Amino acid sequence: MTKQLLGKEVSASIRAELKTEIDTFTGRKPGLAVILVGENPASKVYVGMKKKTCADLGIESFEHILSQDATEDELVALLNGLNADDAVDGILLQLPLPSHMDEDKMLNTISPEKDVDGFHPQNVGKLLQGQRTFKSCTPYGVMEILKFYDIDPAGKHVVILGRSNIVGKPLAAMMVQKESGANATVTICHSRTQNLESITKQADILVAAIGIPEYVTASMVKEGAVVVDVGINRVDAPETEKGSKLVGDVAYDEVSSVASAITPVPGGVGPMTIAMLMKNTVTAFKEHQAPLDSI
Ligand code: NDP
């Protein structure tokens, strides 16, 4: 029987732990600044979810909305102000930014100490070196799901489909670390990979993060493999009330018949991203009170 790896349960447990911890903080509560530039509907939904989770946990959220035609200078000024604001422990710049803005330049303006998304090059470098730092939230969530279900990547062949800076590459960096909960042998695949199926079939743990609906089929998966589906894709579904539904990068029904464990979409990796953002925000808050090494 294939085991479902339910990120919604893991994230609920992480949020409950965080709430208990936050309730013990006297005085100022952790603060997260959330910045939305423009009118992207999906981004608005994500920002709303982050604000609500902050409210549920007792994290103060500061929302900043800039218009679609805001300039880079305006955003830099806002970010610099937040970098200097003592009530703000973490800064989240909702992506994507409007096309006239340089995303890397804007992200690099965020102070590494407040970079709770883990995107700043300084934090990415620390991650690669195995130093303590803010870990990018979605891959961090993948690691936490595996930990929750006692699936130890040590010595396993982990094949990651996708090499983006927010999922594939940081996940590879986390999996390969010489530390408990990692120690995997890692292969990263991408759109130029040849003989993809011959590689995915070697995976003990297969992670899909490519953004193509139901791309991973049963024939690409080894019997008994653990399959983690990071993909979130909205597809037409005339049979549903909404006319559309969310699916992952994995053909869930057929892959379930060969995998030993699998994350569903929705309810798998998705809920973990916000939970890990909250965890990083609490870590940033504590770092303001004490040096990171003493936490
Ligand atoms: P990107 O588009 O940035 O990267 C996609 C990656 O997949 C690229 O490296 C690309 O290769 C690779 N790829 C594309 N086609 C293939 C193929 N046929 N075979 C192998 N590799 C391929 O996507 P993201 O990393 O941002 O997101 C991936 C998915 O995860 C999306 O569905 C997204 O919605 C979802 N996501 C979910 C999150 C969550 O909270 N659960 C958070 C972030 C993303 P190349 O580099 O060569 O172009």
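**View 1. Val45 and the nonpolar surface patch.** Val45 is a residue of helix α2 in this predicted model. Together with Tyr46, Met49, Ile232 and Leu246, Val45 makes a nonpolar surface patch of about 420 Å². Helix α2, which spans residues 41-57, gives the most to this patch, contributing three residues.

**View 2. Crossing of helices α1 and α6.** Helix α1 covers residues 7-23 and helix α6 covers residues 137-148; their axes come within 10 Å and cross at roughly 95 degrees. Because angles of 65 to 115 degrees count as roughly perpendicular, α1 is described as roughly perpendicular to α6. On the α1 side, the contact is made by Gly7, Val10, Ser13 and Ile14, and on the α6 side by Glu144, Ile145 and Phe148. By residue class, the contact of α1 with α6 has four nonpolar, two polar and one charged.

**View 3. Crossing of helices α6 and α10.** The axes of α6 and helix α10 (residues 270-289) come within 8 Å, with a crossing angle of roughly 100 degrees. The two helices, α6 and α10, are therefore roughly perpendicular to each other. Helix α6 contributes Cys137, Thr138, Tyr140, Gly141, Glu144 and Ile145 to the contact, while α10 contributes Met272, Thr273, Met276, Leu277, Lys279 and Asn280. The residues in the contact of α6 with α10 comprise six nonpolar, four polar and two charged.

**View 4. Glu144 and Ile145 of helix α6.** Glu144 and Ile145 take part in the contact of α6 with α1. Glu144 and Ile145 also take part in the contact of α6 with α10.

Technical notes
Residues are numbered from 1 along each chain as its sequence is written. This is a predicted model: local features need pLDDT of at least 70, side-chain atom pairs count only at pLDDT 80 or more; totals for chains, interfaces and linings use all residues. Side-chain values use heavy atoms; hydrogens and water are left out. Axes are lines fitted to C-alpha atoms, for helices over the stretch in contact, and angles run from 0 to 180 degrees between N-to-C directions. Helices (H or I, at least four residues) and strands (E, at least two) are DSSP runs, numbered from the N terminus. Angles under 35 degrees count as roughly parallel, over 145 as roughly antiparallel, 65 to 115 as roughly perpendicular and the rest as oblique. Contact means heavy atoms within 4.5 Å. Ala, Val, Leu, Ile, Met, Phe, Trp, Tyr, Cys and Pro count as nonpolar, Asp, Glu, Lys and Arg as charged, and the others, Gly among them, as polar. Patches are made of residues with over 30% relative accessible area and no salt bridge: like charges are joined within 9 Å, nonpolar side chains (Val, Leu, Ile, Met, Phe, Trp, Tyr) within 5 Å. Accessible areas come from the Shrake-Rupley method with a 1.4 Å probe; for residues, only the protein chains shown count as cover. A salt bridge is a side-chain nitrogen of Lys or Arg within 4 Å of a carboxyl oxygen of Asp or Glu.
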